[in-house]
Amino acid sequence: MSQKLFNSAGLVFPALATLIALAVSGLLNPYLAFVATSWIIAGLLGLSLDVVWGRGGFLGLAQTAFYGLGGYFGSVIAINLAPSLGNTLILALPAGALFGAVVAALLGYIIFYARMGALQSTILSYTFTLLLWSVTQTYRLVVGDAVIGGDNGLSNIPGIVIGFGSEASKLKPNAAFVVVVIVAAALYFLTRFLMKSTFGRIVDCVRIDPEKTELLGYDVRKIQVLNFSYAGAIAGVAGALFALWANYLNPSIFSVQEALLIPIYVLVGGLGTLAGPFLGALLIGSLSFWLGSGSAGGQTTLILGAVLILLVLYLHNGILGALGDLWKRFLPDPNDAARHAGAVQIDEAVLGQILEDAAIEAGPAKDLQTRDAFKRFGGVIPVNNVTRTFTPGRPYSLIGPNGAGKSSYLKTCVGLYQPEGGTVSIGGQNVTRAPIFERVRNGMGVKNQKPQVFGDLSVRDNLWVAAYARTKTPQKAVDVSDKILRMLGMEEQAEVQAGALSHGQQQWLDIGMVLCLAPRVVLLDEPAAGMTTQETRELSALVRILARHTTVVVVEHDMEFVRTLQGHVTVLHQGEVFAEGDIETLRADDRVLDIYLGRRAHV
Ligand SMILES: Nc1ncnc2c1ncn2[C@@H]1O[C@H](COP(=O)(O)OP(=O)(O)OP(=O)(O)O)[C@@H](O)[C@H]1O
């Protein structure tokens, strides 16, 4: 019961809060209703940032820009059309949403496709807000009866008007409060629904590990722009509501102070909780209202600042995050099963079936080919004109001393590194300049050196997200991920958070995720690292079976593991192919021993 309530807390408690707000709306004195309306609008703006930051993982400081633009655009429409139509809500809110979404999509396109670092992206978003501040102060634009820009601001904005024509009437503060509560609640529940949907799950993956998400075949940048644009729409609605509520807008809406208040609402309420920003805005709004009008009047900023610092210092996950953590202590630990997990044992029959199904759905195995692949990092050349073709049948192992360029070669094939020269092709198709997700959609399945799993997601969800990337059908993804779960013998750990698994188990989960993609070429970078001897044996069997159905290339240090693969071995040294053959011959080759031992002649 309490587990169920915990899972639906984001639905039950906000619904209760909405009902309470609606029930007390008639009892509030009009001034308090008027002020409280602004706190809810601020919470809505905080929600938009939580979508971008708490869920998407990007601390954007442009939410007030979309808010202000939504406010201005919504007001221009309301000012010009309200005299004939009456109702301002159905004009201003969609206009604000649309404008916020479009501008956010354009800014998001620049931020995410330019592949800037996190800090640069935050600064760019902030610069955009400041630019609007400066532009709206400097220039004036007249659109019909609306005058935008200049310090005097836009002052003839009609209030919240409902009804049409002669029936139209401007709402009094208490009724306006009700309307704003309803709009905010509707957007909150819509956002919660979206974040619980497949789109939201993928947004979570992008936040946790964007590289891994792309390695599953998702177009990460597109998802980021869509999420950013959705958040821009919410900010635009909040801005339009604000303009109607205040009947006035001026450039200070784009100010530094406004932009920095929003992350504070989110942090105080609880990052990523969606409901937290409302709580944060309500708390900060009511505290400053009370301090401002009470005996502590002159010290408001100081006291508010101290309270905020204490809250952020002692409640790392904000109020709702802390309450959630506290509640979890009284619930059964879902990660308990991770501690009882034995060594993974592959079910070869299920594996065979999975690989046959994969061939039916994704087609025959593909060759991987590089021609004169060349990659340089300053004076280091980890991939030096490597020409190789890998085909299905037997596994290929890449070995060599530390720094030989094995991982760099794999990363060049995957697209994690862009080569300065040469080509990479999959199944005869040149993918040298293709983004990673396109190579994956072309049949490439990759496991990097460190296991990459989505730690906050359950084992089952990790596999589902991988399977969904290929199948694009939720139920099919369930079928595929269930089979992989069975093949790995990890059914009992299905609900465990992937981050709670041991290193070796995470390796298996990562390999399972690769298999969910039905890859036609598989690249595995040190898959046996962190595995027990028994697990390494299991892995060897898996790789051999896999190589019968697809092309498999494995980078590995563990020579015993390489020997058991019974495959073709390539020795890399200083970025070049140094020797090739079977492992027994290479182990007996003095030249190979020399480079491993660092003996003079070949180093
Ligand atoms: N992103 C990078 N930036 C700069 N240098 C890099 C980068 N990636 C690899 N290198 C350099 O390229 C060389 C080859 O590294 P790489 O990791 O490919 O070797 P490796 O054979 O996989 O080694 P190991 O077995 O230790 O993992 C090293 O000198 C490394 O420092």
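**Figure 1. Ile399 and its partner in a neighbouring strand.** In this predicted model, Ile399 stands opposite Val571 in β13. Strand β7 (residues 396–399) and strand β13 (residues 568–573) run parallel and are joined by four bridges. Strands (E, at least two residues) and helices (H or I, at least four) are DSSP runs, numbered from the N terminus. Local features are described where pLDDT is at least 70 and side-chain atom pairs count only at pLDDT 80 or more, whereas totals for chains, interfaces and linings use all residues of the predicted model. Residue numbers start from 1 along each chain as its sequence is written.

Figure 2. Six strands form an open sheet in the order β10-β11-β12-β7-β13-β14, with mixed pairing; two strands pair if DSSP finds at least two bridges between them. At the edges are β10 (444–447) and β14 (576–581), each of which pairs on one side only. On average, neighbouring strands of this sheet are turned by 20° against each other, direction ignored. Helix α17 packs on the sheet, touching β7, β10, β11 (521–525), β12 (551–555) and β13. The direction of α17 makes about 145° with that of β11. Axes are lines fitted to C-alpha atoms, for helices over the stretch in contact, and angles run from 0 to 180 degrees between N-to-C directions. Strands of a sheet pair through backbone hydrogen bonds, either parallel or antiparallel.

**Figure 3. The surroundings of the ligand.** Residues around the ligand include Phe377, Val380, Pro382, Asn402, Lys406 and Ser407. Both β6 (380–390) and α17 (406–414) supply at least two residues of this shell, and its largest share, three residues, comes from α17. The shell divides into four nonpolar, six polar and one charged residue. Here Ala, Val, Leu, Ile, Met, Phe, Trp, Tyr, Cys and Pro count as nonpolar, Asp, Glu, Lys and Arg as charged, and the others, Gly among them, as polar.

**Figure 4. The contact between two domains.** The protein chain is divided into domain 1 (17–254) and domain 2 (348–602), with bounds from an automatic or database domain assignment. Their C-alpha centres lie 45 Å apart. The contact takes 13 residues from domain 1 and 18 residues from domain 2; two residues are in contact if their C-beta atoms, placed from the backbone, lie within 7 Å. On the side of domain 1 that touches domain 2, the largest share, five residues, comes from α8.

Methods: Near = placed C-beta within 6 Å.
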